[in-house]
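Hi,

Here is the structure I promised to pass on.

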Amino acid sequence: MPRMTMVQAINLALHQEMERDPRVVVMGEDVGVNEGVFRVTAGLYKKFGAERVIDTPLSESGILGTAIGMSLAGLRPVAEMQFSGFSYLAMGQLEGHASRFRTRTMGRYSCPLVMRMPYGGGVRALEHHSESREALFAHLPGIKVVIPSSPRNARALLVAAIRDPDPVVFMEPKRSYRAFREEVPEDEEVMEIGRAQVVREGKDLTLIAWGAMMRFALEAADQVASSRGVEIEVIDLLTISPLDAATIADSVRKTGRCVIVQEAPRFASISSEIIAQINDRVLLYLEAPVKRITGYDVVTPYFSREEPYFPSVPQIRRGIEQTLDF
């Protein structure tokens, strides 16, 4: 299997889905002639032409509103928000129309579209280019929220998102775009949306992360496992909404201890919801309070100060050790 970056793997998914299904169209700012600000859409315009790879004006609300209309007309639009920080301008279309179409029509119609967008920090960009706001989208009923962590699951989950009958927000951790390579099969591979993945089994503590934080979580788990001889179970969330609470509960029931790592601010976040689900389902199995390693409740700082803002391997390691020692 070829070894790919996440950018190449997402590009492969777009190429193959556009070949497979003529209803799939790609649209957004600079996605056509310029092949995308991160080159995620490289080669699509030359291969599929301007009718299926559409350069749009600088209007996020217009991009998503047009995508909604296309989906209702029978197409499968993949709309790119150039950075997630600009997607708020499309929130009215997402919340007021895309998320409600199935229930508004009593299930007669759906709104199959994908809103792709790079999110998160670590590439020395400005604050509107570096935010991790998955909790905003997860709070919208009717919207699925997917965050891959590696090239292979990014490709397989994007394929699933494009084929999903309902709107999917697909958040791409740009810190991981070119950070590492992974073997990605050239043949079709589809992952189920709504399922977390146990990427490492263990019996002493459950470590949960998603997106760019997965690499740091795994490194911290390696260090603690090596130094203390413990077995840490690591869960990659992959889908933020709907949350796979059953997999989390099964793991915590086994280990009795849990640490959650997220890049986003702490208040009213996905980690808050995970803790609530653990309390609802397996509270009496806990041997220590669930610990969170998170970003801070401030606007994402400029690049000169962003590294102290993000959870680090030493922070995660300390959190694991404190939870083990409780």
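First, a definition: rings of Phe, Tyr and Trp (its six-membered ring) pair if their centres lie within 6.5 Å, with planes under 30 degrees apart counted as stacked, over 60 as edge-to-face and the rest as tilted. This is a predicted model, so local features need pLDDT of at least 70 and side-chain atom pairs pLDDT 80 or more, while totals for chains, interfaces and linings use all residues. Residues are numbered from 1 along each chain as its sequence is written, and side-chain values use heavy atoms, without hydrogens and water.

Now the rings. The whole structure has five aromatic pairs. One of them is edge-to-face: Phe38 and Phe83, with centres 5.6 Å apart and planes at 75 degrees. Phe38 sits in the loop between β2 (24–28) and α2 (44–48) and Phe83 in the loop between β4 and α4, so this pair ties together parts 45 residues apart in sequence. (Helices are DSSP runs of H or I, at least four residues, and strands of E, at least two, numbered from the N terminus.) Phe38, Phe83, Phe86 and Tyr177 form one aromatic cluster.

Phe83 is buried at 8% relative accessibility; buried means under 20% relative accessible area, exposed over 50%, partly exposed in between (1.4 Å probe, protein chains only). Phe38 is buried too, at 18%.

Then there's Gln82, in the loop between β4 (76–80) and α4 (91–96) and buried at 13%. Leaving out residues up to four places away in sequence, Gln82 touches Glu29, Asp30, Val37, Phe38 and Pro118 (contact means heavy atoms within 4.5 Å).

Cheers
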